[in-house]
Amino acid sequence: MMETLEQQLAGLSPEQRQLVERLLRKEQPESELRPAAQKAVTGPAPLLPSQRWFLDQAYDHLVNPNRWNFSMMFEAPPGVPSGHLEQSIGHIFEYHDALRARFDRDEQGWHQTIEPVGRAIPFTRIDLSGLSSAEQLAAVKQQASDAQSSLSIDQHRLTRFVLFDLGNQQPARLLVVIHHLLTDVVSTTIVLQDLALAYLQLSQGQTIRLPAKTASLKEWAERLERQAQSEELQRALEDYWRSIPWDELHPLPVDHAQGRERNTWGSLESVSLSLEIDETRTLLRLFPQRYRTPVATGLLFALVQTLTAWSGDRWACVSQVDSGRHILPPPDTLDLSRTAGWLAMSGELILQRIAVKTPAEALQSFAAQINQIPYRGFGQPIFSMSGKADATRKLGIFLKDEVVFDYWAQVGSAEKQRPGPFRVLEDANEIRHHPENQRFRLLDCRFDLSGDRLRVNWRYSRNVHQRATIEKLAVGCVEILRWLMG
């Protein structure tokens with residue numbers, strides 16, 4: 001299911017969260033609301049690492065690659081002027097270059113092009129005011145499903161905005177669907193907040209004035225591509241690859257022998273456990289203060305210890321998800337705080353189980369492992385942009401991870417205090433994957449701190465693992481976290 005807005009905000013930097021919260025409260029400093037100096041960017045742009053992975057490795061193995069979407073249903077004011085909404089959508093298409101990207105394939109492979117401003121806006125208004133409440137509900141559900149299925153990479157239809165007019169006596173519904181090729185969780189938040197701000201300004205008779213742009217998608221992709229050509233990066237990766245004991249890396253245990261071939265999104269289930277409120281507070285204080293370790297590193301330690309205890313191996317292969325906005329160190333980095341696109345990437349980590357020590361010693365040893373990996377695991381996805389003949393072969397050796405590690409940090413209750421024109425309908429979230437599409441990893445482990453408790457959520461396929469197996473892993477992971485608390 002799609003994440004709530006509060007969860008989407010979790011990946012933002014502190015500075016960006018502060019800006020978004022000001023936008024939500026309509027407290028934008030005048031100095032930040034100035035017309036963007038950067039003109040619309042057009043033309044060819046290198047594929048970002050996650051785009052390249054999807055098109056080169058996933059596309060041909062999916063039942064429906066067009067159904068890999070971010071979607072969210074909003075409640076809009078009754079009688080919302082569709083003209084204002086369409087104009088607002090047009091403005092964010094001009095502002096966010098990523099929304100105008102198209103993808104084409106030829107004998108050399110896939111290519112990305114940012115199209116000029118001026119194409120038809122993918123906005124539709126559907127009048128359901130003459131139907132009964134039950135008929136409206138059924139119609140919205142059907143039309144939303146149709147919109148989800150209408151995207152097409154080949155035909156360059158990658159976004160849909162649908163307004164459902166339910167009459168003047170009840171709120172309207174606004175459906176937003178964006179293919180993952182154009183966005184990620186953080187970028188979707190930025191785009192949706194800009195849409196809400198643009199509409200709010202028009203509805204108040206103002207000119208649309210969004211915060212100043214940051215670096216363009218194209219500029220960032222070109223910066224990463226240059227980094228991928230670095231001989232220093234290639235040497236560091238080769239040295240790291242040679243240090244890995246590949247013969248000691250084994251697939252994770254499964255409960256159903258043929259399950260890997262039926263690891264579909266439609267078979268997805270989950271198991272969740274939470275720490276108590278006081279335990280959560282203790283954990284958040286201990287990592288940075290006593291252990292001098294980021295919270296994410298401590299949580300990753302608990303996951304690796306859990307996986308290796310289960311498999312019996314010394315090593316675990318884990319894919320960590322990152323916003324991708326702070327991957328390069330200064331001076332190579334760019335300001336991407338308001339840049340939209342599929343900037344997020346997954347970095348593969350091959351980590352060794354730590355022998356039982358004191359919590360402080362264990363975390364220190366574990367952190368040292370991570371620091372020895374080029375770009376903390378993100379050198380590999382950057383290197384995939386190099387276009388070198390041996391890159392694919394090397395990556396084929398490296399990509400053996402079967403577990404995703406994801407950590408959502410707390411951002412407060414911005415959604416609850418939000419007075420904007422659109423309200424997220426949490427019960428209307430749409431599964432963004434086609435149910436028959438194959439999942440590319442066996443387990444997704446998310447540590448979610450969007451409230452007072454740390455929640456550990458394990459997602460798995462019932463075709464691959466039994467629920468009892470995942471429940472045992474979840475309990476074991478929480479026990480390790482409690483051990484860290486002493």
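**Salt bridges, strand pairing and helix packing**

Asp 56 is partly exposed, with a relative accessible area of 42%; in these terms, buried means under 20% relative accessible area, exposed over 50% and partly exposed in between, for a 1.4 Å probe and protein chains only. The model is a predicted one, in which local features need pLDDT of at least 70 and side-chain atom pairs count only at pLDDT 80 or more, whereas totals for chains, interfaces and linings use all residues. Residues are numbered from 1 along each chain as its sequence is written, and side-chain values use heavy atoms, with hydrogens and water left out.

The side chain of Asp 56 takes part in a salt bridge with that of Arg 52, at an N to O distance of 3.7 Å. A salt bridge is defined as a side-chain nitrogen of Lys or Arg within 4 Å of a carboxyl oxygen of Asp or Glu, and the structure holds 24 of them. Arg 52 and Asp 56 are four residues apart in helix α3 (residues 49-58), and so about one helical turn separates them. Helices (H or I, at least four residues) and strands (E, at least two) are DSSP runs, numbered from the N terminus. Arg 52 is partly exposed, at 22% relative accessibility.

A further salt bridge links Arg 260 to Glu 402, with N and O 2.4 Å apart. Arg 260 belongs to the loop between α8 (231-243) and β8 (268-274), and Glu 402 to the loop between α13 (391-398) and β11 (403-408); the pair therefore ties together parts that are 142 residues apart in sequence. Of these two partners, Arg 260 is partly exposed at 29% relative accessibility, while Glu 402 is buried at 14%. Elsewhere, salt bridges with shared partners join Arg 102, Asp 104, Glu 115 and Arg 119 into one network. Glu 115 is buried, with a relative accessible area of 12%, whereas Arg 119 is partly exposed at 48%.

Asp 104 also has a place in strand pairing, where it stands opposite His 111 in β4. Strands β3 and β4 (residues 109-114) run antiparallel and are joined by six bridges; two strands are taken to pair if DSSP finds at least two bridges between them. These strands belong to an open sheet of three strands in the order β1-β4-β3, with antiparallel pairing. Its edge strands, β1 (43-45) and β3 (101-106), each pair on one side only. On average, neighbouring strands of this sheet are turned by 40° against each other, direction ignored. Axes are lines fitted to C-alpha atoms, for helices over the stretch in contact, and angles run from 0 to 180 degrees between N-to-C directions.

Strand β9 (residues 315-322) is largely enclosed by the rest of the structure, because six of its eight residues are buried. Eight bridges connect β9 to strand β10 (residues 345-352), and the two run antiparallel. Cys 317 has Ile 350 of β10 as its bridge partner. Strands β9 and β11 run parallel and are joined by three bridges, with Val 403 in β11 as the bridge partner of Val 318.

Two packed helices are described by the angle between their axes and the distance between the axes. The axes of helices α10 (residues 295-311) and α11 (residues 359-371) come within 10 Å and cross at roughly 95°. The two helices are therefore roughly perpendicular to each other; angles under 35 degrees count as roughly parallel, over 145 as roughly antiparallel, 65 to 115 as roughly perpendicular and the rest as oblique. On the α10 side, the contact is made by Thr 297, Gly 298, Leu 300, Phe 301 and Val 304, and on the α11 side by Ala 362, Leu 363, Phe 366, Ala 367 and Ile 370, where contact means heavy atoms within 4.5 Å. Eight of the contact residues are nonpolar, two are polar and none is charged. Here Ala, Val, Leu, Ile, Met, Phe, Trp, Tyr, Cys and Pro count as nonpolar, Asp, Glu, Lys and Arg as charged, and the others, Gly among them, as polar.

Backbone geometry was also examined. Most residues other than glycine have a negative phi. Tyr 375, in the loop between α11 and α12 (379-383), has a positive phi near 55° and is partly exposed at 26% relative accessible area. Arg 376, placed in the loop between α11 and α12, has a positive phi of about 55° although it is not a glycine; its relative accessible area of 38% makes it partly exposed.
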